[in-house]
Amino acid sequence: MKHALNILLLISTLISCKNQSKLKTEIAQIEKTELIKITQTDSISELWNVLVFEKGGCLGGEQYVSETEFKREGKLLVFSEMDWKKFSDNDKGKLTEFLITKLSDTTKTKVHTCPFFGATNGEMAVYSLQHIHNKNWFDFSEFKEYKDKEYKSATEQPQMWLQNILKNETNRKKIAELYKNELKN
């Protein structure tokens, strides 16, 4: 009886390993199909919607332009992924104009900022503009007061400051104009 139980356990383990291998293959096929779907997306708007509302991901500090590359062991962050690189390969002027139209949008995306909150569509537009123009919103003299401002709580930190700035029409227009001016440089 003990021998039969060991054989059943061995068979169960082998089946489990085989299923795991099959599962890995199926996952790889799904990822490949998703990449093809994203690659075939022509429109900047369509690609944007796939990236922020369907795919999502983690920013992990990578939302800000810096001299160091953000990559966590085994986990690529949003702007390090090939899909975002494809998005950024579009015409800089067209991307800037498109992203500026998103600044007032407070819809939550599937992208989150560790360790805080899900990003809004407008917020993601600013983070994208930062990467496209290689300049953070708080690097503009008009918003320099935020650059070295201390975090006080989960609601007193750069993500919330940016969301509040974007809620103000005057400040939103100012950010839009500043990034439009970057196209001239």
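Predicted model: local features only at pLDDT ≥ 70, side-chain atom pairs only at ≥ 80, totals over all residues.

Visitor: How many salt bridges does the structure hold?

Guide: It holds 5. In general, side chains of opposite charge can pair when their charged atoms come close.

Visitor: Which residue does K55 pair with?

Guide: D83. Their side chains form a salt bridge at 2.3 Å, N to O. The pair links distant parts of the chain. K55 sits in helix 2, residues 44–55, and D83 sits in helix 3, residues 82–88. They are 28 residues apart.

Visitor: And D83, buried or exposed?

Guide: Buried, because its relative accessibility is 5%, under the 20% cut-off. K55 is partly exposed, with a relative accessible area of 36%.

Visitor: What about E182? Which residue does it meet?

Guide: K135. That salt bridge is 3.8 Å, N to O. E182 lies in helix 7, while K135 is in the loop between helix 5 (121–133) and helix 6 (158–167).

Visitor: Why does E182 count as buried?

Guide: Because its relative accessibility is 15%, and buried means under 20%. K135, at 24%, counts as partly exposed.

Visitor: Changing topic. What is the overall layout?

Guide: The protein has 7 helices and 3 strands. From the N terminus on, the order is α-α-β-α-α-β-β-α-α-α.

Visitor: How much of the protein counts as buried?

Guide: Of its 185 residues, 38%. As for contacts between residues at least 6 apart in sequence, 62% join residues at least 24 apart.

Visitor: Now the core. Which residues have the most contacts inside the largest one?

Guide: W84, F87, L103, M124, W137 and I175. This is the largest nonpolar core, and it has 36 residues. In soluble globular proteins, nonpolar side chains tend to be buried together.

Visitor: Which helices give two or more residues to this core?

Guide: Helix 2, helix 3, helix 4, helix 5, helix 6 and helix 7. Helix 5 gives the most, with 6 residues.

Visitor: Back to W84. What does it touch?

Guide: Leaving out residues up to four places away in sequence, W84 touches W48, L51, V52, V78, F79, M124 and S128. M124 is also among the residues with the most contacts inside the core.

Visitor: One more. How do helix 4 and helix 7 cross?

Guide: Their axes cross at roughly 180° and come within 10 Å. Helix 4 covers residues 92–100, and helix 7 covers residues 169–182. Helix 4 is therefore roughly antiparallel to helix 7.

Visitor: Which residues make the contact?

Guide: From helix 4, T96, E97 and I100. From helix 7, A176, Y179 and K180.

Visitor: And by class, what does that contact have?

Guide: It has 3 nonpolar, 1 polar and 2 charged residues.

Conventions: Residues numbered from 1 in each chain as written. Heavy atoms only, no water. Axes fitted to C-alpha atoms, helices over the stretch in contact; angles between N-to-C directions. Helix = DSSP H or I, 4+ residues; strand = E, 2+ residues; numbered from the N terminus. Parallel < 35°, antiparallel > 145°, perpendicular 65-115°, else oblique. Contact = heavy atoms within 4.5 Å. Nonpolar A, V, L, I, M, F, W, Y, C, P; charged D, E, K, R; others polar. Salt bridge = Lys/Arg side-chain N within 4 Å of Asp/Glu carboxyl O. Buried < 20%, exposed > 50% of the residue type's maximum accessible area, 1.4 Å probe, protein only. Core = buried A, V, L, I, M, F, W, Y, C linked by side-chain atoms within 4.5 Å.
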